[in-house]
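Here is a short briefing to read alongside the model. Have the viewer open, and let's walk through it together.

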Amino acid sequence: MLWDASAINGYAIEASDGLLGTVSDLLFEDVRWAIRWLVVDTGKWLSGRKVLLPLSVLGRPDRALRHFPVNLTMQQVKDSPDVETDQPVSRQIEAHVYNYYGWDPYWGSSLSPMSNAIAMPFVAPLHLSEARPHNPGSADAQPNEGDPHLRSIAAVTGYDIHATDGEIGHVEDFLVDDADWGIRCITVDTGNWWPGERVLISPLSVREIDWADSSIHLNANRQKVKDGPPAYDETFLTYYGIRWVTG
């Protein structure tokens, strides 16, 4: 099922023995375009501390109760490595968290390059490794710099989007598939270029994300974007058998 990424913010995170906190952000990796971490605000329980939770510990989200079950205890989360989630998260920090939970890091397999595809709702599924003891020395920890491919959903929402021949609008949301946490589409508010419209674009059409300029650049021109399906078009969604959750 597809979700608006914004709809997941505020969901409660339930450990096996109590409430951990609420989702405050999602971190995604922009090579395979998949969610990699939930950022959880622990509130008063850990004096406002935020923690990273890998997808491997998450159960299915419950829309009715607005919560995620996780296969962890409160003590396990309390003892997890401290992470400054307001700063760029480095590959080394990611490795420390994965080592703590005993899971293989997602970057252990090859990463697929971007392509020129646009407005397609499907990307190859990700295969999460099964839980098993992990050798801390085997993680590909890099110097303590921000991982250049790890992005914050909250930060990228609102970025200007540029086609090859001009600006088309800004990022309004992301459509995320809870089967494998892949980002299927980016929802674009076309703003002044095409007033009152919204379009879906494939993340595989993204050529570059420019942090300094707060912008996303596509391998597609304006006409190609305009000819794509509008966001949440029933015919488009039915054709591909897509269901989504907006809240």
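Helices (H or I, at least four residues) and strands (E, at least two) are DSSP runs, numbered from the N terminus. This is a predicted model, in which local features need pLDDT of at least 70 and side-chain atom pairs count only at pLDDT 80 or more, while totals for chains, interfaces and linings use all residues. Residues are numbered from 1 along each chain as its sequence is written, and side-chain values use heavy atoms, with hydrogens and water left out.

**Overall picture**
- The protein has six helices and 14 strands.
- Of its 247 residues, 49% are buried (buried is under 20% relative accessible area, exposed over 50%, partly exposed in between; 1.4 Å probe, protein chains only).
- Among contacts (heavy atoms within 4.5 Å) with a separation of 6 or more, 62% join residues 24 or more positions apart.

**Around Trp 33**
- Trp 33 sits in the loop between strand 3 (18–29) and strand 4 (34–41).
- Trp 33 counts as buried because its relative accessibility is 1%.
- The side chain of Trp 33 reaches the backbone oxygen of Pro 203 at 3.5 Å.
- Cys 185 lies 152 residues from Trp 33 in sequence, yet their C-alpha atoms are 9.6 Å apart in space.

**Around His 217**
- His 217 belongs to strand 13 (residues 215–218) and is buried, with a relative accessible area of 17%.
- Its side chain makes a polar contact with the side chain of Ser 215 at 3.1 Å (a pair of N or O atoms within 3.5 Å; within protein, one must be able to donate a hydrogen and the other to accept it, and residues adjacent in sequence count only if both atoms are side-chain atoms).
- Leaving aside residues up to four places away in sequence, His 217 touches His 162, Ser 205, Val 206, Arg 207, Glu 208 and Asp 210.

**Salt bridges**
- The whole structure holds eight salt bridges (a side-chain nitrogen of Lys or Arg within 4 Å of a carboxyl oxygen of Asp or Glu).
- One of them pairs Arg 198 with Glu 172 at 2.7 Å, N to O; this pair links strand 11 (residues 198–201) to strand 9 (residues 166–177), 26 residues apart.
- Arg 184 and Asp 177 meet at 3.3 Å, N to O; Arg 184 is buried at 5% relative accessible area, and Asp 177 is buried at 14%.
- Glu 208 and Arg 207 meet at 3.7 Å, N to O; Glu 208 is partly exposed at 34%, and Arg 207 is partly exposed at 44%.
- Elsewhere, salt bridges that share partners join Glu 172, Asp 189 and Arg 198 into one network.
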